[in-house]
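Work through the exercises below with the sequence and model open. Try each task before reading its solution.

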Amino acid sequence: LLLLCLSGCAGSGRSNYKPQNLSTENAAILIDDLAATIAANTPAKSTVFEIESDSLSSAIGEVLKKKGYAVVLAAPHAQPGESTTAKQLNYTVDWLSQDSLYATVIVDKDRYSRTYSVASGKLTPKGGPMVGVTSHE
């Protein structure tokens with residue numbers, strides 16, 4: 001329930017958030033996990049992703065390109081869906097506590113969330129695959 005509430009807050013407009021204190025090593029683990037979830041739920045041949053120009057979006061975009069997806073940068077100050085027919089990709093990553101982090105990735109209206117634990121400074125996914133919620137609006 002907590003994840004659904006948090007992912008609901010994360011999905012309005014074009015916004016991405018990650019905490020400043022996310023290490024490079026942990027960001028790489030997160031990027032691989034988010035890109036794998038996106039790839040598992042979206043066909044590569046027919047999908048173009050629209051991403052923001054921040055560092056985490058760019059890194060996810062690079063991994064998706066290697067998996068066969070087309071990736072374009074969002075036009076500055078564009079409203080969702082205004083600049084292209086591409087699927088808008090956004091995320092929210094934040095700490096729940098000093099040893100627990102959550103991530104939500106939004107692909108248009110589909111949301112995938114997961115929590116991670118941090119032990120000895122290393123991020124580890126909790127549970128099975130990311131939990132997805134698909135909007136039928």
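Buried means under 20% relative accessible area, exposed over 50%, and partly exposed in between (1.4 Å probe, protein chains only). The model is predicted: local features need pLDDT of at least 70, side-chain atom pairs count only at pLDDT 80 or more, and totals for chains, interfaces and linings use all residues. Residues are numbered from 1 along each chain as its sequence is written, and side-chain values use heavy atoms, with hydrogens and water left out.

**Exercise 1. Confidence**

Task: State what pLDDT the protein chain averages, then look at residues 1-12.

Solution. Start with the scale: pLDDT is the predictor's confidence in each residue, from 0 to 100. The chain average is 83, and 80% of the residues score at least 70. Next, take residues 1-12: their pLDDT is below 50. Beyond near neighbours in sequence, this stretch has 16 contacts in the model (heavy atoms within 4.5 Å). Where pLDDT is low, the predicted coordinates should not be read in detail.

**Exercise 2. Strand pairing**

Task: Find in which sense S1 and S2 pair, and over how many bridges.

Solution. Helices (H or I, at least four residues) and strands (E, at least two) are DSSP runs, numbered from the N terminus. Two strands pair if DSSP finds at least two bridges between them. S1 and S2 are parallel, with four bridges. Glu50 faces Val72 in S2. Now turn to S3, residues 87-97: two bridges join this strand to S1, again in parallel. Here Phe49 has Lys87 as its bridge partner. Finally, S1, H3 and S2 form a right-handed β-α-β unit. Right-handed means that, with the strands pointing away from the viewer, the path from the first strand over the helix to the second runs clockwise.

**Exercise 3. Aromatic pair**

Task: Search the whole structure; how many aromatic pairs turn up?

Solution. Rings of Phe, Tyr and Trp (its six-membered ring) pair if their centres lie within 6.5 Å; planes under 30 degrees apart are stacked, over 60 edge-to-face, the rest tilted. The search gives one pair. The ring centres of Phe49 and Tyr69 are 5.2 Å apart and the planes meet at 50 degrees, so this pair is tilted. Phe49 sits in S1 (48-51) and Tyr69 in the loop between H3 (55-66) and S2 (70-73), so the pair ties together parts 20 residues apart in sequence. Both Phe49 and Tyr69 are buried.

**Exercise 4. Positive phi**

Task: Is Ser120 buried or exposed?

Solution. Locate Ser120 in the loop between S5 and S6 (122-125). Its phi is positive, about 55 degrees, although Ser120 is not a glycine. Its relative accessible area is 83%, so Ser120 is exposed.
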